[in-house]
Amino acid sequence: MATRAEWSKRVERWQRSGLSAEEFGAREGLKPKQLGWWRWRLRSSPPASAPDVQFLPVHVVDSSGPPAGSGTTLEVALPNGRVIRVPSGFDAAMLERVLSIASEGGPC
């Protein structure tokens with residue numbers, strides 16, 4: 001039996017694939033209803049040990065730009081393909097809310 005973490009990875013792969021539950025399920029040998037149920041389950045209740053912060057890989061594109069705080073913009077690329085542009089002097093609480101919404105699979 002697959003763990004919650006394994007289902008989380010499966011659902012994430014499904015959502016990134018752009019395929020329907022039926023198409024992805026057929027490709028991966030999974031039942032479409034299971035995918036839908038796990039998507040609902042993972043969204044409706046975070047795991048008991050879920051950390052407040054999730055770290056994502058960072059890739060520095062150009063480190064020769066102007067120093068931080070000089071009107072530069074930070075770009076955060078999320079695994080779902082969305083990109084968040086953050087101006088200097090941003091409000092950390094607002095960024096946290098925006099990242100939370102943007103990291104979900106649904107429309108913003």
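Helices here are DSSP runs of H or I with at least four residues, numbered from the N terminus. The legends below describe close-up views of a predicted model.

**View 1. Trp 7 and Trp 38 form a stacked ring pair.** With ring centres required to lie within 6.5 Å, the model has three aromatic pairs. In the pair shown here, the ring centres of Trp 7 and Trp 38 are 5.5 Å apart and the planes meet at 5°, so the pair counts as stacked; the cut-off for stacking is under 30 degrees. Trp 7 belongs to helix 1 (residues 4-17) and Trp 38 to helix 3 (residues 32-44), so this contact ties together parts that are 31 residues apart in sequence. Both Trp 7 and Trp 38 are buried.

**View 2. Trp 37 and Trp 40 form a tilted ring pair.** The centres of these two rings are 6.1 Å apart, and because their planes stand at 55°, the pair is tilted. Trp 37 and Trp 40 both lie in helix 3, three residues apart, which means a separation of about one helical turn. Trp 37 is partly exposed, with a relative accessible area of 42%. Trp 40 is exposed, its relative accessible area being 51%.

**View 3. Four Trp residues, Trp 7, Trp 37, Trp 38 and Trp 40, make up a cluster.** The links within this cluster are ring pairs. Arg 10 lies over the face of one member, Trp 7, at 4.7 Å from the ring centre.

**View 4. Trp 37 of helix 3 is shown with Val 11.** How far apart are Trp 37 and Val 11 in sequence and in space? In sequence, 26 residues separate Trp 37 from Val 11. In space, the distance between Trp 37 and Val 11 is 9.9 Å, taken from C-alpha to C-alpha.

**View 5. Strand 1 and strand 2 run antiparallel.** Strand 1 covers residues 73-77 and strand 2 covers residues 83-87, and five bridges join the two. Across this pairing, Leu 74 stands opposite Val 86 in strand 2. In a regular strand, side chains alternate between the two faces of the sheet.

**View 6. Gly 81 is shown in the hairpin of strand 1 and strand 2.** This hairpin has five residues between the strands. Gly 81 takes a positive phi near 95°.

Note on methods. Residues are numbered from 1 along each chain as its sequence is written. This is a predicted model: local features need pLDDT of at least 70, side-chain atom pairs count only at pLDDT 80 or more; totals for chains, interfaces and linings use all residues. Side-chain values use heavy atoms; hydrogens and water are left out. Rings of Phe, Tyr and Trp (its six-membered ring) pair if their centres lie within 6.5 Å; planes under 30 degrees apart count as stacked, over 60 as edge-to-face and the rest as tilted. Buried means under 20% relative accessible area, exposed over 50%, partly exposed in between (1.4 Å probe, protein chains only). A charge sits over a ring if NZ of Lys or CZ of Arg is within 6 Å of the ring centre and within 35 degrees of the ring normal. Two strands pair if DSSP finds at least two bridges between them.
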